[in-house]
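I opened the model to work through its strands, its chain contact and its salt bridges. My notes follow in the order of looking.

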Amino acid sequence: MAGYLKEPVVLQWDMKTGSYGKIVQHIIEKKVCELDPIKIRYINPKDVDDFSTIDRIKKQILVQCSQIEMDFFEITEEQIEKLNIDQTFQYFLKFDSFNLEISMYSKLKFLLQKIEDLNVIVYITDKNFYQSVELIKWIYNENSNISFYIYPDKKKENFLVHVPKLHNAILEIISLCKVYKNIKLSIYDKEKIIKDILPLNYYRHGNFCITETGTVALYDFLPDYEYGLITTDKTIKEIWRDILIEHGDSDLCKILEEQRYWFKKRNGNGDQL
Amino acid sequence: MKVFFTEIFALYKKNKKFFLINKKLDTIIPIEETLYFMLNQIILNGEMDINAIRIRADTLDILLYNRILGVKN
């Protein structure tokens, strides 16, 4: 089993502020500033307060790589208009199991004009992969410099766990690379790759995720736990150490026990790859 | 035979600690200072002759296996 770093260096923070609200967000902000991360990905920032928080963190700690991941269906045109694009940040636009209607293309066009150097994440299921291909084509025709990342959607029933359906979907997506020779497109499953690197002893885990409810996890696909991040009782380094000691090895071992699926067998039975 | 630094990983330096991080997956390999500067040299030069790389063979294997370095004939 690979070891751990003494503190997290890659941080992911879902800023959706589900149940805890903005006041508690300020506590998390202060705790994030206690760390010395190399990379931070802010997920789902929407309003002025969220972007002010990101800006304050940028002023307090030196982070070499800062990323912002926005959900296309969560962000409004008004919020897009107010976006102050920071050229030192990388921007990701997420399409999470979607049903894209024609009216949404104007919002998408507006966003593509606002952020030229954009990365697009598409979560696919057996139901939306044809639409995903069409979406990617449309975006690529608007801006051929965009990078596309395709992930399996594991949050809902997804019949791409079945190998023939999965292969069919992959072929459809790969056909994009034949039509558009220079398209930057990757298809992968993070969980599967982490599973593959776990036995390699030179890797170290230094990832830390803060969820929208203020719970914490090592990776976004592992279970999250309540460790008092949104209270003033514990420092973020203590929380990191506690989650590692109490859950690190056991949670990562569970991945090793899973069969090797591109899509985890979370919904129904799948064929083995 | 020459090697080049792929775009899959990025080199990072923080408080005298050195890392390679897979840019998409955020998987982390801490590395030593000498290796950091050697990889940085490959990035600056664009490529390097494999015989000019002064590191242990098993480290080179890890760099190639993880596609941190690619090979050009």
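How many bridges join β3(B) to β4(B), and do they run parallel or antiparallel? I count four bridges, and the two strands run antiparallel. I take helices (H or I, at least four residues) and strands (E, at least two) as DSSP runs, numbered from the N terminus. Two strands pair if DSSP finds at least two bridges between them.

Before going on, I note that this is a predicted model: local features need pLDDT of at least 70, side-chain atom pairs count only at pLDDT 80 or more, and totals for chains, interfaces and linings use all residues. Residues are numbered from 1 along each chain as its sequence is written, chains are lettered from A and ligands numbered from 1 in the order in which they are written, and side-chain values use heavy atoms, with hydrogens and water left out.

**Entry: the hairpin in chain B**

I looked at β3(B) and β4(B) again. B:F18 stands opposite B:I31 in β4(B). Five residues lie between the strands of this hairpin. B:D26 takes a positive phi near 60° there.

**Entry: where chain B meets chain A**

I followed B:D26 across to chain A. Its side chain meets that of A:K39 in a salt bridge, at 2.5 Å from N to O. My rule for a salt bridge is a side-chain nitrogen of Lys or Arg within 4 Å of a carboxyl oxygen of Asp or Glu. The count between chain B and chain A is two salt bridges.

I then checked which elements of chain B take part. Those giving two or more residues to the side that touches chain A are β2 (9–14), β3 (17–22), β4 (28–31) and α2 (57–65) of chain B. β2(B) gives the most, with four residues. That side of chain B divides into 10 nonpolar, three polar and five charged residues.

The contact (heavy atoms within 4.5 Å) takes 18 residues from chain B and 24 residues from chain A. I get a buried area of about 1900 Å², of which carbon and sulfur atoms give 61%. Buried area is the accessible area (1.4 Å probe) that two parts lose on being put together, summed over both.

**Entry: the sheets**

In chain B I found an open sheet of three strands, in the order β5-β1-β6, with antiparallel pairing. Its edge strands are β5 (48–49) and β6 (69–72) of chain B. Strand β1 (residues 2–5) of chain B pairs with β6(B) over four bridges. B:K2 stands opposite B:K72 in β6(B).

In chain A I found an open sheet of nine strands with mixed pairing. The edge strands are β8 (184–187) and β11 (216–217) of chain A. Strand β4 (residues 65–71) and strand β5 (residues 89–96) of chain A pair in the parallel sense over six bridges. The bridge partner of A:I68 in β5(A) is A:Y91.

**Entry: salt bridges overall**

The count comes to 25 salt bridges over all chains. One that I looked up joins the side chains of A:K237 and A:E7, at 3.6 Å from N to O. A:K237 lies in helix α8 (residues 236–257) of chain A and A:E7 in the loop between β1 (3–4) and β2 (10–14) of chain A, so the pair ties together parts that are 230 residues apart in sequence.

Notes:
Ala, Val, Leu, Ile, Met, Phe, Trp, Tyr, Cys and Pro count as nonpolar, Asp, Glu, Lys and Arg as charged, and the others, Gly among them, as polar.
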